[in-house]
Amino acid sequence: MTAVVLHGRAAKTGFEIRQMGPPERRAPRNFAQGSDYIWTQEALFDFKLYSGTEEALWLTKSLLDAQTNEELGALASAYGHVVCGNRFDGGECSLISDYRDRVNDLRRLHDLLQDGHFSESDLPPSGLVYSPFSVGFSYWLVPSEGPRGFAPVLLTHSLYCFVCHEIISLALANRPLLVCKACGKFQRPTARRDSKFCSAKCRVAHHREREKAKILSNG
Ligand SMILES: [Zn+2]
């Protein structure tokens, strides 16, 4: 099988949550005024991440779980921005609400694939197909140690495309990330297919809540 690789760029120097309000007078016009942005330094750190690895799994789970500005910012610093950012103040800025929309698209893809009701390929009347889950890869060669000295890879620079591919691969292999019934975070796919909790701690917490509810309802 041809390897799928994310060739990304990241700052890896942390992030700031910035508000592009009136005090930021130097902010270009295309910034949404008064909105929160994730700002990172210029991305100078090149990295490669292969599909199906532990780190790819960790990244997929972390993105699906990311709720707070801080969690989104930390991922932008480590792996680059999920949405195209504006250049600003020696770095890159992306609108947090755009970022959340993209992460919600990933969650929706995950849910659609679990339900068995995937219908995003319905053709609109115009005949044009647009799906937020369409992914683009380039076919490329990398040096390898085999007898021929090269190997083909499917390469993308887009974190979003890469994570879409991870979610689809997990669903195809029937190893989806399941949601924990107690904390609502995604579980690792090594858990059993019917696993309800991400940890023993969450299992205990859930049962305690249920007992409490029972006592209350019995008055
Ligand atoms: Zn949990």
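Trainee: In what order do the 4 strands of the open sheet come?
Mentor: In this predicted model, the order is β4-β1-β8-β7, and the pairing is mixed.

Trainee: Which strands stand at the edges?
Mentor: The edge positions belong to β4 and β7 (138-143). Each has a single partner strand, so one side of each is left without a neighbour in the sheet.

Trainee: And by how much are neighbouring strands turned against each other?
Mentor: On average the turn is 40°, with direction ignored.

Trainee: In what sense do β1 and β8 pair, parallel or antiparallel?
Mentor: β1 and β8 (residues 150-156) pair in the parallel sense, over 4 bridges.

Trainee: Which strands does α4 lie across?
Mentor: α4 lies across β1, β4 and β8. Relative to β1, α4 runs at about 145°.

Trainee: What about the second largest pocket: what is its volume?
Mentor: The second largest pocket has a volume of about 170 Å³. It is lined by 13 residues, and G52, T53, L57, L170 and R175 lie nearest its centre.

Trainee: Which element gives the most to the lining there?
Mentor: That is α1, with 4 residues. Both α1 (54-65) and α4 supply at least two residues of this lining. By class, the lining of the second largest pocket divides into 4 nonpolar, 5 polar and 4 charged residues.

Trainee: How many cavities of 30 Å³ or more does the structure hold?
Mentor: The structure holds 1 such cavity, and the volume of the largest cavity is about 30 Å³.

Trainee: Which residues line the largest cavity?
Mentor: R9, A10, A11, T40, Q41, A43, A76, G80, H81 and E92 line the largest cavity. The elements that give two or more residues to this lining are β1 and β3 (36-41). The lining residues divide into 4 nonpolar, 4 polar and 2 charged.

Definitions and conventions:
Residues are numbered from 1 along each chain as its sequence is written. This is a predicted model: local features need pLDDT of at least 70, side-chain atom pairs count only at pLDDT 80 or more; totals for chains, interfaces and linings use all residues. Side-chain values use heavy atoms; hydrogens and water are left out. On a 1 Å grid over the protein atoms alone, a cavity is a set of points where a 1.4 Å probe fits but cannot get out, and a pocket is an open set with protein on both sides within 12 Å along at least five of seven lines; lining residues have an atom within 4 Å of a point. Grid points are joined across faces, edges and corners, and a volume is the space filled by probe spheres set on the points. Ala, Val, Leu, Ile, Met, Phe, Trp, Tyr, Cys and Pro count as nonpolar, Asp, Glu, Lys and Arg as charged, and the others, Gly among them, as polar. Two strands pair if DSSP finds at least two bridges between them. Axes are lines fitted to C-alpha atoms, for helices over the stretch in contact, and angles run from 0 to 180 degrees between N-to-C directions. Contact means heavy atoms within 4.5 Å.
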